[in-house]
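Dear colleague,

Please find the structure below, handed over for your attention. A summary of the findings follows it.

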Amino acid sequence: MQISRPDASPTPGCAPDRTLETGGRVVWETSGMTNADAAVSDIGPTSDRLGMPGTGVLVTGGGSGIGRATAVALAEVGRPVAVWDIDGAGAEETASMCRALGVIAHAAVVDVSDSSIIEEAVTAAAESLGSLGGFVHAAGISGAGVVDDLDEEVWDATLNINLRAAAIICRYLLVPFRAAGPGSAVVLISSIEGLFGSVMLTAYCASKGGVLGVMRSLAQRYAIEGFRVNAVCPGAVATPMLEPAFALPGFREQLEERTPLQRISTPDEIARPIRFLLSGEASFITGAHLTVDGGLTAVTAI
Ligand code: NAD
């Protein structure tokens, strides 16, 4: 028995041409392609699986830290990159680092918390790269503050940038992802603070826990199209975001002591797992989060 799902996507241009059979199997009415076909078509030579050469990736927060390292890691395997950031100079520097590796790369000043500009910016990114089959949401702020002093502006900014933007961008990615084809994938950056609580980071914990919820919901919606959605939960990474914390006496030393690998990570050590999750090497991984924290959250606190 087949159930019509004509209203499954409210996004203009995203109405799905398919039916959903009871039991969850999806049939594409136009191409006849199934989820299984889409997954199998993603498997090719090892070099192609890692790189998906030629297929563009959008990286938010690409002007610094993990976003920059991710853009460069993707350029290393031949993927064109659109770099978004509110810091235009940082974004342009990253794009230039990617171009030096021989790929097309464009920088754009995009405030991801401004939902009114996202659809147009996604379209422009796809056009500038020639295709768009990957997305990494690395834009973020720490939104520090204990609940006693909860600042509503900080709360709104943290939730809008870290969480809402991820869902809004994904809303508009379906059109370019369909054009790029099976193998398209999303990686959202959560945090170990999305798995556990930190007294000083109420808004941040809310946003990063929310990212995992959005990721699991999107993974089901995108699977209907043959696309994957996952999240990475980094521990402490040496980026400008952590500089205020590292200025606190003993903070870094205590963190390193508690971490089984006895150090914090470089941005590149987060970028490479992100690149893996975007690639055909991860063709059966969706709806998952990958913790990359040197073992910190594996330790019990007795
Ligand atoms: P970072 O400060 O180096 O980079 C964040 C980037 O996001 C900056 O370039 C900033 O300009 C950009 N940005 C901020 N607001 C924006 C907006 N409204 N629109 C577009 N861009 C915006 O920090 P990072 O450590 O590289 O953080 C990247 C992601 O990783 C964040 O989501 C962060 O929460 C997450 N994370 C970081 C750590 C860590 O220890 N550094 C740990 C876990 C998770």
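Which residue with a positive phi follows helix 3? Helix 3 is followed by Gly78, whose phi is positive, near 85 degrees.

Before the remaining findings, a note on the source is in order. Residues are numbered from 1 along each chain as its sequence is written. The model is predicted: local features need pLDDT of at least 70, side-chain atom pairs count only at pLDDT 80 or more, and totals for chains, interfaces and linings use all residues.

Helices (H or I, at least four residues) and strands (E, at least two) are DSSP runs, numbered from the N terminus.

The ligand is surrounded by 31 residues (C-beta atom, placed from the backbone, within 6 Å of the molecule); the closest are Gly61, Ser64, Gly65, Gly140 and Thr239. Two or more residues each come from helix 3 (65-76), strand 5 (81-85) and helix 6 (152-180). Helix 3 gives the most, with three residues.

Strand 5 also pairs with strand 6 (residues 105-109) in the parallel sense over five bridges; pairing requires at least two DSSP bridges. Val83 has Ala107 in strand 6 as its bridge partner.

Yours sincerely
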